[in-house]
Amino acid sequence: MNTIVVSVSGLSKKFGPFWANRNISLEIENGSIHAIVGENGAGKSTLTKMIYGLLQPTSGSIAVRGKPVRFNSPRQAIAEGIGMVHQHFMLVPELSVTENIMLGDERGHLFAPLTKRDASEEIRTIADAHSLSVDPDALVSELSVGEEQRVEILKLLYRNADILILDEPTAVLTPLETEQLFATLKSLQKEGKTVILITHKLDEVLSVSDRVSVMRRGEIIASKPTGNVSKADLARLMVGRNVLLRVEHPEEKPGRPVLEVSNLSMTDRKGVQRLNNLSFEIRAGEVYGIAGVEGNGQSELLAILWGIADRQSVVDGSVMLEGRPIKGLHADKIAAMGVSHIPEDRLRHAVVPDFTIAENLIFGRHREKKFARHAGFNIPAVQRYTRTVTSEYMIRYDEKSDIPLASLSGGNQQKIVLAREISRPGLKLLLLAQPTRGVDIGAIEMIHRRIIEARDKGIAILLVSAELDELVSLSTRIGCVYKGSVRREFTAKEVRRGRSSEKEFKKKIGLSIT
Amino acid sequence: MRAGMFKIVIPLLAVATSLAISAFLIAAAGRDPLLIYQKMFTMTFGSEYGTGQIVFRSTSLVLAGLAVAIPFRLKLFNIGGEGQMLAGAFSAALAGALLPPQTPPLVAVSFCTLSAVTAGASVALLSGWLKVRFGINEVISTIMLNFIVQACVGFLLAGSLSVPSTAHTHEIIPSAQIPPFSTVLGIWQKSPANFSTLFALAACFGLWFLVFKTVPGYEMRASGLHPEAAGYAGINTNSHIMKAMGIGGAMAGLAAANLVLGYKHYYESGLTDGIGFMGIAVALLAFAHPIWIIGSAVLFGFLQYGGLSVNAYVPKDIFLMVQAVTILMILILTKSFFRN
């Protein structure tokens with residue numbers, strides 16, 4: 001077991017003046033599951049891309065099974081038995097599973113008939129051996145995300161890869177699919193394959209890997225056997241300071257109902273029912289968590305609440321904000337009633353990258369009286385507000401120049417959205433979609449604290465999240481949605497009890513959403 | 001800031017390149033480029049009449065440029081400047097001819113201008129509506145509307161609305177005419193430059209203020225830069241599409257004030273031809289900025305009239321090429337600078 005299969009020494013990669021990787025030395029044992037963790041931009045992807053031949057190192061060397069290599073393209077890496085599953089799958093939706101797997105490795109001469117049946121058989125055998133259940137004859141366009149990922153893994157196995165690199169494989173999976181994936185990885189390991197797992201989810205690292213390397217700012221900070229580290233250790237290594245993984249959760253004091261959704265149904269323009277008699281209410285000063293696998297009506301619910309639902313869809317039922325109906329109103333009217341919305345894809349839906357920071361900080365709030373003067377803006381008022389908010393949220397930028405938002409880091413752009421929406425005057429209801437998706441651990445702590453702060457100010461919060469961790473630690477009550485309706489609701493008491501025996505509670509939620 | 005610098009460097013570089021190319025062409029035509037440039041300059045900015053000609057031509061081009069630039073802020077490509085301007089010119093001429101002769105000048109000019117602006121805006125709004133309601137690409141609908149307007153005007157002109165056995169309408173009443181600078185201020189003698197230039201300048205500054213300093217302008221820019229995000233921010237992007245198209249069409253229509261009310265005093269077949277298309281070039285060179293458009297229009301006005309003035313020595317088509325090369329250079333340079 002203890003032979004080294006991949007060894008990297010003194011590896012560096014420079015993009016312009018920026019060191020994406022700096023002097024990295026790392027040894028990966030044969031037959032191990034080796035996790036590489038780090039915050040966004042720590043250099044995990046750069047490192048693996050160099051091992052896979054997608055990027056060429058500026059300096060340093062890589063050796064595979066003791067043999068020094070220098071890959072100019074992934075093709076050479078594949079020949080050495082290295083395979084990679086990217087975060088975004090590289091599949092042709094119009095082709096079948098077998099065709100996708102054979103693509104680029106047809107094993108025949110040019111113009112020779114394809115031996116698809118043999119390939120199908122082989123794929124079936126590999127799939128059965130590692131519980132990668134997928135129908136080889138199905139079209140890729142008909143598969144779920146989890147199945148697509150299995151196809152990607154099968155692609156590597158079909159090419160006899162024995163070093164598998166997986167880039168954030170669980171980001172798109174349901175809890176159940178994640179468990180299945182880990183079972184597959186364990187079974188591959190038994191067969192002597194090596195797995196390099198890139199992730200930022202620490203629980204996963206602890207549950208599946210043998211060894212973990214932590215990266216920060218392009219360097220490897222530590223490389224340890226997983227058995228010797230705790231979650232808190234890893235977080236501290238990643239961020240460089242102590243991190244509170246679980247936000248403090250003082251007891252909530254729910255007040256009057258703010259949002260009442262009753263018997264909400266929605267059929268989209270294609271005639272597919274997206275919401276089915278969905279009902280729930282949120283009181284002032286509580287966080288209502290919505291758990292569910294993506295595509296069970298969460299985005300449609302948010303679209304209706306925010307007044308941006310497709311006007312050609314049919315919506316029944318009622319949505320009341322403090323007793324006033326808001327269904328069918330436009331977003332600007334809803335916002336003016338004291339509602340904020342932080343959409344899931346903030347960089348695409350909540351900011352204009354070409355606008356300046358100040359322009360973005362008033363984006364969506366630009367109709368407020370305090371920013372207006374005649375037909376234009378009250379520039380001093382906007383500047384004052386910008387200064388207050390950026391200092392409160394520790395968003396650092398050069399105040400003198402009107403730089404566009406796009407020049408800020410992703411984390412700071414996220415903060416701009418959060419700051420703008422939480423500081424909306426007269427805020428009563430906050431709609432949050434995946435508030436910490438793509439956010440670093442250090443920033444998650446801050447965002448969670450702000451959410452609890454907002455809650456304690458008496459704001460009603462709707463939290464839609466795919467992270468059970470986040471739901472359990474923030475929610476007062478949790479509604480589990482499945483196929484467009486709330487299948488099960490956990491009361492405040494149940495959630496509080498659940499927080500003390502988290503594993504079981506998450507399992508219970510997991511059962512209600514699949 | 002770097003992007004801002006490129007926006008100044010690129011047009012200058014483009015103009016310089018195309019002038020270099022034209023120098024080569026002039027030499028190929030057997031003339032000394034420097035001599036031709038010198039002649040061109042003395043006969044344009046060097047003379048009162050020439051300056052007036054450039055002012056007059058630039059005025060139409062500024063408005064044609066605005067007709068493209070404002071919709072362009074919303075990523076809409078208004079190719080319909082031709083049709084919108086034609087509609088404006090024809091209705092201004094009709095209105096001016098139909099008014100009772102004793103109408104006071106202020107009323108007459110306002111009424112004719114308003115009818116031109118309304119006609120231009122209506123044509124453009126039709127394209128905007130097709131876009132908002134049915135999702136029809138504005139490039140196609142504006143081009144089609146160009147044909148439709150042309151055909152309608154041709155039909156009306158061939159019918160009862162022209163002076164018999166000519167291709168122009170009846171002359172507008174004297175009080176609807178916008179006076180030339182030469183009679184009032186005594187400058188730019190005999191040239192067609194008239195007070196409607198002030199309309200064009202006012203439009204530039206007004207639209208600059210609207211786009212960059214007001215709340216609707218802020219919403220408009222957001223809708224153009226990032227329509228999805230604008231929708232989330234509660235901005236009605238469709239209404240801004242309509243507004244931008246309407247303003248664009250109105251500007252094209254306003255050019256009629258310069259051509260009909262200030263210069264010809266009637267509509268004549270072919271009066272507006274080509275100016276609307278030229279507006280696309282003017283707007284591109286100025287990166288659709290309402291104030292930079294003035295500079296861009298003056299450059300094109302200069303090349304147009306300058307080319308004419310040296311037509312006796314070298315074919316004026318060379319300067320048509322210069323204009324086209326400038327635009328191509330702008331596109332090439334923008335792409336190569338902003339790709340990395």
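Predicted model: local features only at pLDDT ≥ 70, side-chain atom pairs only at ≥ 80, totals over all residues.
Colleague: Let's start with the overall build. How many helices and strands does chain A have?
Modeller: The C-alpha atoms of chain A fill a box of roughly 70 × 50 × 50 Å along the principal axes. As for what is inside, buried residues make up 44% of the 514 residues. The count you want for chain A is 18 helices and 22 strands.

Colleague: What radius of gyration does chain A have, against that of a compact globule?
Modeller: With 514 residues, a compact globule would come out near 24 Å. The model agrees with that, since chain A has 25 Å.

Colleague: What percentage of the contacts in chain A join residues at least 24 apart?
Modeller: Here we take contacts between residues at least 6 apart in sequence. Of those, the share that joins residues at least 24 apart is 69%.

Colleague: Now the domains. How far apart are the C-alpha centres of domain 1 and domain 2 of chain A?
Modeller: The domain assignment gives chain A a domain 1 at 4-239 and a domain 2 at 257-512. Between their C-alpha centres the distance is 34 Å.

Colleague: Which helix gives the largest share of the side of domain 1 of chain A that touches domain 2 of chain A?
Modeller: Eight residues of domain 1 of chain A are in contact with eight residues of domain 2 of chain A. On the domain 1 side, α6 (175-190) and α8 (231-239) of chain A each supply at least two residues. By class, that side has five nonpolar, two polar and one charged residues. The largest share, three residues, comes from α8(A).

Colleague: Take A232(A) as an example. Is A232(A) buried, partly exposed or exposed?
Modeller: A232(A) lies in helix α8 of chain A. Being buried takes 20 or more C-beta neighbours within 10 Å, and being exposed takes 12 or fewer. A232(A) has 13 inside 10 Å, so it counts as partly exposed.

Colleague: And how far is A232(A) from L302(A) in space?
Modeller: In sequence, A232(A) and L302(A) are 70 residues apart. In space, C-alpha to C-alpha, the distance is 34 Å.

Colleague: How far apart are the end C-alpha atoms of helix α8 of chain B?
Modeller: Helix α8 of chain B runs over residues 196-213, which is 18 residues. At 1.5 Å a residue it should span 26 Å, and the model agrees, with its ends at 25 Å.

Colleague: How wide an arc do the buried residues of α8(B) cover around the axis?
Modeller: Those buried residues include F199(B), C204(B), L207(B) and V211(B), and what covers them includes α3, α9, α11 and α13 of chain B. On the other side of α8(B), L198(B), A202(B) and F205(B) are exposed.

Colleague: Last one. Which residue just after α5(B) takes a positive phi?
Modeller: Helix α5 of chain B has 30 residues (105-134) and should span 44 Å, which agrees with its ends being 43 Å apart. Just after α5(B), the residue with a positive phi, of about 70 degrees, is G135(B).

Terms used: Residues numbered from 1 in each chain as written. Chains lettered and ligands numbered in written order. Helix = DSSP H or I, 4+ residues; strand = E, 2+ residues; numbered from the N terminus. Expected span 1.5 Å × (residues − 1). Contact = placed C-beta atoms within 7 Å. Domains from an automatic or database assignment. Nonpolar A, V, L, I, M, F, W, Y, C, P; charged D, E, K, R; others polar. Rg over C-alpha atoms; globule rule 2.2 N^0.38 Å.
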